[in-house]
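Biologist: Please take me through some features one at a time, giving the general idea before the particular case.

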Amino acid sequence: MAKNRFKPGKEVDETTFEDKEAYGVVKWWNIAVKDMTPQKAAEFSGVPADQIIRVAKGMAEAAPNVCVWMGSGCAMHVRGGYSAMAVHALAGLTGGTDNEGGTLQTAKIPVNKLKKDLLKTFQDDLAKKHSKMKKIDQRGYLNLPAISKGKSGGGVSTNNVPNGILNKDPYGVKMIVGYMNNFAYSCNGTDLWEKALASVPFTVHLTTNASEFSQFADIVLPCVVNMFEKYGFVKTKANRYATCTLLQPVIDPVWDVITDESEFPFLISEKLKERGFPNLYDALTTMYADPETGRKAKNAKEFTEYALKYYTAPLWDGKKDSHGDKINGWEEMKTRGMWNSDAYKYKKHWGGKYKTKTGKFEFYSETLKKALGGHAEKHGVDIDKVLEESNYTARGEMAFVPHYEPPYRSGDMKEYPFVFIDYKSRLNREGRSQNCPWYYEFKHVDPGDVSHQDSLKINPSDAKKLGVKDGDKVRISSTGGSGECVAHLWEGVRPGTVAKSYGQGHWAYGNTAAADYARAEPRGVNNNTIIPWDIDRLSGSNARNGGHGVVKIEKV
């Protein structure tokens, strides 16, 4: 008969419990969970203990058909790494990970990759040397492990790029080429980005729409629009299936535009070849020769299609089983427009096939332990020092298990008494809808929002203390920046917090998006100006969530 050995406040003898598909659940209990009661969790979270118990029992009864899904809100904050681990651990506890009714990993989309070994044959000595230099985002530095796939420095930390540029560490940057980005608006700490971009001597921006980033560019190159004019492919996954969808031109562009990822480098390679440097041209035409005919591209348009054919060839060339739709050749692939995988098999990673150090689902992460240990050794310190530099409170064994980390605040709560909540509008297209008049007309579809204004939602009880009425202009300020918007009293926002939709506050991006495009006057205030710059250092992610941006509200 089963016996419950897990009693609050008491350790469990590891020898009395056998891990099968998972690893370290008893270690996790002894290190962190045994002392985390529903009552203590209620103190931290503000969720009543009886509700925590009720939900936990409901999930246990439904197990293993329980879906525990993690969105970016949980992970992308200053101490988000362990929050993310906790979410996944809950999925593991219920048996819902990689299981029917739970969260699934994706079926594979077997597209080709860049031929790195072949690429090296075209690199000269300088290219080989410089390709091994440290990255400008400082990934792998002591205070930025940026762990990915169990490797220190294997991740990307885009929002740390301005620090690398401004501090000229690991080197100075003389030129930037940016495409499909608007970091001066879309990353928190916009002031830092503006200073960094202004310091770079020469910048090129490839874009479909002139944005804040474009204002710092010496050359702006108009690009094709994905939906109507571009060749490319998109990977998606849902309902146990993975899909590769082709982007294909359906209209001829009206303006003189290029495809950012293919035509731009090909055109550069042609000019370099004219000047006696054929390496890039030879590399592109050789690596991306037509996989059907072996023909090398003669111009940028041909190169674009050949590159697309190369990457998607495993889906349509019939050389290997793609474990999905059977497609006979490129012409059929273009006609169909997409490839669908076979259904993902439940429990595919069970039986020791997880991509972890133990091969199992890890509650005590030997994978993280190895990565942090290697990072610490590289810098001549211990793991506790790495965590200290990375702005985490965990020390010792706590570093290798999901656990509670106190929220990080950028500013004194006495001076900045409100937690700022950034949320995404139903109308946002990653911040790209704001030059459309209908965006403002239909803004009321977001709960508690008002059309044609940039609303800061305040609980009526807080507004009364501030002497603020509905419709008043207010200034919202943090340690990162400030701006003006309109107060909207709404009981749907929790007292002690204020909430505002991301999307307004453009000072460029068009005559509708900006209050005055010519004078660079913003329409409302950008949430990323209010949220101070920061990152989660374990992953390198932009810390856009988690309420580290505390603010004060003043009536204008």
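Biologist: Which backbone oxygen lies 3.4 Å from a polar atom of the side chain of serine 322?

Modeller: A polar contact is a pair of N or O atoms within 3.5 Å; within protein, one atom must be able to donate a hydrogen and the other to accept it, and residues adjacent in sequence count only if both atoms are side-chain atoms. For serine 322, the backbone oxygen in question belongs to aspartate 325. This is a predicted model, in which local features need pLDDT of at least 70 and side-chain atom pairs count only at pLDDT 80 or more, while totals for chains, interfaces and linings use all residues. Residues are numbered from 1 along each chain as its sequence is written, and side-chain values use heavy atoms, with hydrogens and water left out.

Biologist: Is serine 322 buried or exposed, and what does it touch?

Modeller: Buried means under 20% relative accessible area, exposed over 50%, and partly exposed in between, with a 1.4 Å probe and protein chains only. Serine 322 has 6% relative accessibility and therefore counts as buried. Helices (H or I, at least four residues) and strands (E, at least two) are DSSP runs numbered from the N terminus, and on that scheme serine 322 sits in the loop between α14 and α15 (330-336). Contact means heavy atoms within 4.5 Å; residues up to four places away in sequence aside, serine 322 touches Pro110, Pro314, Leu315 and Trp339. Alanine 32, in turn, is 290 residues from serine 322 in sequence and 44 Å from it in space, C-alpha to C-alpha.

Biologist: Which residues does histidine 403 touch, beyond those up to four places away in sequence?

Modeller: They are Ala32, Tyr82, Ala394 and Met398. Histidine 403 lies in the loop between α17 (383-389) and β9 (418-424), and it counts as buried because its relative accessibility is 12%. Its side chain is in polar contact with that of glutamate 405 at 2.6 Å, and a polar atom of the histidine 403 side chain is 3.1 Å from the backbone oxygen of methionine 398.

Biologist: What polar partners does serine 365 have, on side chains and on the backbone?

Modeller: The side chain of serine 365 makes a polar contact of 3.3 Å with the side chain of glutamate 362, and a polar atom of it lies 2.9 Å from the backbone nitrogen of leucine 368. Serine 365 is found in the loop between β8 (361-362) and α16 (366-379), and at 9% relative accessibility it counts as buried. Outside four places in sequence, it is in contact with Met85 and Phe400.

Biologist: How do α12 and α13 cross?

Modeller: Axes are lines fitted to C-alpha atoms, for helices over the stretch in contact, and angles run from 0 to 180 degrees between N-to-C directions. Angles under 35 degrees count as roughly parallel, over 145 as roughly antiparallel, 65 to 115 as roughly perpendicular and the rest as oblique. The axes of α12 and α13 come within 7 Å and cross at roughly 135°, so the two helices are oblique to each other. The contact involves, among others, Pro265, Phe266 and Ile268 of α12, and Leu280, Tyr281, Leu284 and Thr285 of α13. The buried residues of α13 (residues 279-287), which are Tyr281, Ala283, Leu284, Thr285 and Met287, pack against α6 (116-120), α12 (263-274) and α14 (300-316).

Biologist: In what order do the strands of the open sheet of 3 strands run?

Modeller: Strands of a sheet pair through backbone hydrogen bonds, either parallel or antiparallel. Two strands pair if DSSP finds at least two bridges between them. The order here is β2-β3-β4, with parallel pairing; β2 (175-179) and β4 (219-222) are the edge strands, each pairing on one side only, and the twist averages 10° from one strand to the next. Strand β3 (residues 202-207) is joined to β4 by 4 bridges, and leucine 206 is opposite leucine 221 in β4.

Biologist: In which sense does β10 pair with β12, and in which with β13?

Modeller: With β12 (residues 482-489) the pairing is parallel over 4 bridges, and serine 455 stands opposite valine 486. With β13 (residues 497-502) it is antiparallel over 2 bridges, where alanine 499 is the bridge partner of lysine 457. From β10 (residues 455-458), Ser455 and Lys457 point one way and Leu456 and Ile458 the other, and all are buried.
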